[in-house]
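User: I would like to learn how to read a few features of a protein model. Could you take them one at a time?

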Amino acid sequence: MPENESTDRIRLLPCKRNKLFLSLAAILTILCKGIRTQKAWRYSITVDSSFSVQRGLALHIPCRFTYNQGDLSRNEKIFAYWFKYPPYSSPCYLHYEVCKPVVTNYQYQTVQHSAKDRFYLLGVPDQGDCSLVITDARIEDEGRYYLRIEGSRQLKYSFLPEMEHTLPRVHVIEPLQKVTITVNIEGAGYSGSGKERKEELNPVIAKEGNTVNLMCAADGRPAPNLSWMKDNQKIGEPTPYLQLREIGPEDAGKYQCLANHQNRSTIKKMVELIVQYRPRMLVFNTTQTHRRGSILTQGCSKELSSVSNWTAEVGDSLELLCKADSNPPATTSWAKRDGRLQKPPDNQLRLTNLTVEDEGVYVCKAKHELGDVEGTFRLYVTYAPKLSGNPQKNTTCYYHDNGFLCTCTLHAKPLPQIEWEVDGERITEESRRRGNWTVEVSVKMNEVTSTLNWTGSLDRAHNIICMGSNSYGIQSMQFLLNAKKDSTSESSIGKSNKALFIAGLCGIFLGAGIFMLCLFLIRVFKQKKAILEASHVEGISSGREPQEKPKNSSHIYSNVFPMGPRLSPADKPKPAGERKAKVPQVSTVPAPRRSEPPELQYAALNFKPKSKGVPDLSDDNVEYSPIQRK
C-alpha cells in the first residue's frame, strides 16, 4: 500500500477535526456526570428543610444519612461535622473562626465560640445518625446548615445543595412583646414635626380639618403582620401605616393596631382619637303640656331641626331644650327676636300659661371656640274665638229702618268663620239669594267683623244667633228683638215710664223724710226719759233733808210751771255774770185753769258753792223762781 494512500486515509479536514473535538468533550462530560451522579446516589441525607425555635429555647433536628460503604475501611470511625451554609468562595481553613463547625464528634476539632456548649450532636455517625440539638437559641443561630462526614482515609463527603441534598433551615422566633403607635398631626394649630403618642398619652386630640397619620410598629421576629381596626371593624388592607385626611367628627373613635405573629400570637394596641369641631347643627327638644280647663295633659317629647315652626294653644306650657352637636360642648343661650325675655334662660326655655304675647321667633345661640352657630324657633299661639276687646267694635243688634242691623266682631287664631241664624234658620249662600238679608264680612289682623242687615216685618219677635268657630272652639252670641209697635203706643209707653220714674223719686224722698222723723222722735224720747229720772232723784233727796243743800255743783231738772210769758230761743237767759241788775217788779201770775193742763217747762239750776261751808248768798245777781213739785 502506498504511503500516501495510507496517509490519505488518516488525514481529516480542519472543520471535521473541530467537530470531533467537541464531540469528544461532550462524551467526557456526560461520562463524568454519570460517575458523579452515581457517587451522589450512594450518599443521601434525610432531614426536614425548615425548623422554628423561639429565642432562648431548645431545638431538636432529627437527621439520618447514608454513605458508600466502599469508601470506608473496616474498623474505621466516621466523624461528622455541622457547618453553617453557605461556604465562603475564598479558601476556608478550619482554623478560621467562621470556617469552624458549630458541632462535631471529633474531639480535637474546635468549634465556633458562639456555638460552644449550645450545639450538641446526639446521633452516632457510625450508625448513620446525624441528629442535632440547639439549646438557648439566639438570633445569630438563624440560617441553613449542612453536614460533612469524614473517615480516616478515603471517606470525605459534604451534603451540599449542589449535590441535590436537603439542608435544614433554622428560624429563630422572637415573640411579640410590645406594640407602639406614633401619631403625627398636620394642620392648623400643629407644627410639622411628628408627635409620638404612647399609652400614657392616650387619647389623641385633633381639630376638625387636620390630617392624622398613625404608624404602628411591633418588635417581633420574624416581623409580624400589622393591620388596623376601628371600633372592631377592619380598615382596608394590612398595613402598618394609616392616614386620615381632613378629619371630621365621623373619624373620631378607637383605633386598634393588630400585630399577628406566625406563631399564632396576637397583640393589640389601641389609641383613641378625639376630634374637636364647631357646632354643626342645633336640635330643639320640645315638650308641650296641654291645658283643658283644670286638667293638664303632657305630650311626648319631640326633636325638631334648627329652623322649625311650632303651634300651641293659649294656656298651654312649652319647654324647649337647645342642643348643639359640638366638641367640646358649646355654650347655648336663648333670646327672643323683636322682644325680651323676663328671665333669660340657659339651654332650656320654659314658657308657662302661654298668651298671644308669647308668640314670635326665639333664637338659640351656641358659642364655641371654633365658631358660633344659631337656630330659630317660630312659635304660633292659637286660641278659640272671643269677643273683640275693642270698644269701638261692639257686638250689637238693633232695629234699623224697616228691619234690624246686627254686628258681630270676634277675634281668634286661626281666623274664625262667622255664621248667622235667624229664628232657627241658618243663613247660607242659597238663603241669601232668595232671602231679604245681606251679610258683609271684613277682616283686620286676627279680627273678623260680620254685619247682618235684615229687612222685613217687625210685628213679631226675632231670635238672632251669631256663631264664630275655628278648629279650637266655638263662640256664640244670642240676640232677642221684641216685636216693634206703632208710634202711639210707643208714646204712651214713654209717658207711663216717665210717670213711674217720677213716682219712684217721690217714694225715695218720702222714705227719707220718714226715716229722719223717726230719728228725731227717738232723740226726743231719750231726752224726756232722762229728765224724768232726774226729777225722781231730786224728790227723794228733798223729802229726807229739806234744809240741806247740795254740796257739789250739779244740775237739777224739774217741772217748772211758767209764771209769765214764754221766752223764745232768742230770749234765752244769759249767765249771771253777763246780766245786769234789774229792778224787781211785782207781777201777778194767774192761776192755771183746770181745763187747760199745765204746760211743762224745763229749767236747769246750777249750784256752785265757793267752799265746803255754807254757800254765800250775798250775790245780788242770783235770780230765783218758784218751783212746784207734784
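The dialogue below goes through backbone geometry, salt bridges, surface patches and contacts.

Analyst: This is a predicted model, in which local features need pLDDT of at least 70, side-chain atom pairs count only at pLDDT 80 or more, and totals for chains, interfaces and linings use all residues. Residues are numbered from 1 along each chain as its sequence is written, and side-chain values use heavy atoms, with hydrogens and water left out.

User: Which residues have a positive phi although they are not glycine?

Analyst: Most residues other than glycine have a negative phi, and most peptide bonds are trans. Asn75 has a positive phi of about 60°, and Glu164 also has a positive phi of about 60°. Asn75 sits in the loop between β4 (64–66) and β5 (79–85), and Glu164 in the loop between β10 (156–158) and β11 (169–173). Strands here are DSSP runs of E with at least two residues, helices are runs of H or I with at least four, and both are numbered from the N terminus.

User: Is Asn75 buried or exposed?

Analyst: Buried means under 20% relative accessible area, exposed over 50%, and partly exposed in between, with a 1.4 Å probe and protein chains only. Asn75 is exposed because its relative accessible area is 80%. Glu164, at 75%, is exposed too.

User: How many salt bridges are found in the whole structure?

Analyst: A salt bridge is a side-chain nitrogen of Lys or Arg within 4 Å of a carboxyl oxygen of Asp or Glu. The search finds 9 of them. One of these pairs Asp126 with Lys77, the closest N and O atoms being 3.8 Å apart. This pair links distant parts of the chain, 49 residues apart: Asp126 is in the loop between β7 (119–121) and β8 (132–134), and Lys77 is in the loop between β4 and β5.

User: What is the N to O distance between Arg118 and Asp141?

Analyst: Their closest N and O atoms are 2.7 Å apart, in a salt bridge. Arg118 lies in the loop between β6 (103–104) and β7, and Asp141 in the loop between β8 and β9 (143–150), so the pair ties together parts that are 23 residues apart in sequence. Both Arg118 and Asp141 are buried.

User: Which residues make the nonpolar surface patch?

Analyst: Patches consist of residues with over 30% relative accessible area and no salt bridge; like charges are joined within 9 Å, and nonpolar side chains (Val, Leu, Ile, Met, Phe, Trp, Tyr) within 5 Å. Areas come from the Shrake-Rupley method with a 1.4 Å probe, and for residues only the protein chains shown count as cover. Phe501, Ile502, Leu505, Ile508 and Phe509 make a nonpolar patch of about 550 Å². Phe501 lies in helix α4 (residues 487–544), and Phe501 counts as exposed at 55% relative accessibility.

User: Which residues does Met477 touch?

Analyst: Contact means heavy atoms within 4.5 Å. Leaving aside residues up to four places away in sequence, Met477 touches Leu387, Thr395, Ile464, Ile465 and Cys466. Met477 belongs to strand β37 (residues 473–481). The C-alpha atoms of Met477 and Thr395 are separated by 8.4 Å, although these residues are 82 residues apart along the chain.
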